[in-house]
Amino acid sequence: MDNLIALGAIPLRVEDSAGIQFVASDGLRNAVFVALQDKRIVGFDEKNKKELFAVDIPCSSDILGMHCMPELDSIVITCTDGTLLLLNMDEQSFEPVGDLEGGILCSSVSPDGELLLCLTATGTMIVFNSEWDVLVEKELGASERPAGDRPTVAWCADGLKFALLDTRASGKRFVSVFDRNCVLEAKSEDFEGVGSGLAFSPD
């Protein structure tokens with residue numbers, strides 16, 4: 001992609017870079033946050049490249065996702081057992097804000113930072129607002145997938161729709177496109193030969 005421009009780089013310690021699971025950026029704070037395999041979050045200042053803080057994540061299961069919510073000055077952590085944690089970046093303290101029965105398969109925050117989308121292991125799509133009210137709860141139905149396979153979510157840049165890439169038990173993948181209220185707009189045929197990456201193409 002010839003239109004991609006590198007805006008900067010932050011050197012990490014070798015022992016940390018080998019264990020990075022997730023990376024999130026906060027443009028308001030000019031900060032980058034990494035979640036490590038030893039269940040720590042480390043924050044870095046993008047300008048001076050200095051470490052801002054490092055905190056342990058109080059989650060007994062695996063970390064599934066890490067998303068910045070700039071309007072809340074917080075980071076939301078989703079865990080495979082269904083736990084939702086909110087990290088206050090000023091106080092560097094965690095607050096439990098949800099516990100989804102059956103666990104979580106995937107999660108994603110809308111581009112405007114106002115919505116958190118979660119797909120549970122029981123096949124329920126749940127959308128929270130920044131006050132942690134449930135705005136949408138839609139049953140998609142449980143689906144058999146290859147062991148270890150998880151769906152992938154990608155939002156359109158304007159936040160008005162998102163796509164869900166999922167896999168059937170046969171190994172074939174398919175894409176479903178939903179609007180912001182989780183109303184299905186389109187669904188692809190099954191296809192093969194692609195990975196788990198998913199993104200909307202800019203206009």
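Author: Start with pairing: two strands pair if DSSP finds at least two bridges between them. Strands themselves are DSSP runs of E with at least two residues, and helices are runs of H or I with at least four, both numbered from the N terminus. Strand 1 and strand 2 have six bridges and pair in the antiparallel sense. This is a predicted model, in which local features need pLDDT of at least 70 and side-chain atom pairs count only at pLDDT 80 or more, while totals for chains, interfaces and linings use all residues. Residues are numbered from 1 along each chain as its sequence is written, and side-chain values use heavy atoms, with hydrogens and water left out.

Reader: Which residue in strand 2 is the bridge partner of Phe22?

Author: The partner of Phe22 is Ala35. Strand 1 and strand 2 also form a hairpin, with four residues between them. In that turn, Asn30 has a positive phi of about 55°.

Reader: What makes strand 9 enclosed?

Author: Buried means under 20% relative accessible area, exposed means over 50%, and partly exposed lies in between, with a 1.4 Å probe and protein chains only. Six of the six residues of strand 9 (residues 104-109) are buried, so the strand is largely enclosed by the rest of the structure. Its antiparallel partner is strand 10 (residues 116-120), joined to strand 9 by five bridges. Ile104 stands opposite Thr120 of strand 10. The hairpin of strand 9 and strand 10 has six residues between the strands, and Gly113 in the turn has a positive phi of about 75°.

Reader: Why is Trp132 called buried?

Author: Trp132 has a relative accessible area of 17%, and the limit for buried is under 20%. Trp132 is placed in the loop between strand 11 (124-128) and strand 12 (134-139). Its phi is near 70°, a positive value in a residue other than glycine. Most residues other than glycine have a negative phi.

Reader: Is Cys182 buried or exposed?

Author: Cys182 counts as buried, at 1% relative accessibility. Cys182 sits in the loop between strand 15 and strand 16. Cys182 is not a glycine, yet its phi is positive, at about 70°.

Reader: What makes Pro11 exposed?

Author: The relative accessible area of Pro11 is 62%, and exposed begins over 50%. Pro11 lies in the segment before helix 1 (14-17). From C-alpha to C-alpha, Pro11 and Val32 are 12 Å apart in space, and they are 21 residues apart in sequence.

Reader: What makes a set of residues a nonpolar core?

Author: A nonpolar core consists of buried Ala, Val, Leu, Ile, Met, Phe, Trp, Tyr and Cys residues joined through side-chain atoms within 4.5 Å. The largest one here has 18 residues, and those with the most contacts inside it include Phe33, Ile57 and Ile75. At least two residues of this core come from each of strand 2 (31-36), strand 4 (51-56), strand 5 (63-69), strand 6 (74-79) and strand 7 (83-88). In soluble globular proteins, nonpolar side chains tend to be buried together.

Reader: What is Ile75 in contact with, leaving aside its neighbours within four places in sequence?

Author: Contact means heavy atoms within 4.5 Å. Among the residues that Ile75 touches in this way are Phe33, Met66, Cys68 and Leu87. Leu87 in strand 7 is also the bridge partner of Ile75. Five bridges join strand 6 to strand 7, and the two run antiparallel.

Reader: Why are strand 5 and strand 8 called edge strands?

Author: Four strands form an open sheet in the order 5-6-7-8, with antiparallel pairing. Strand 5 and strand 8 (93-99) each pair on one side only, and they are its edge strands.
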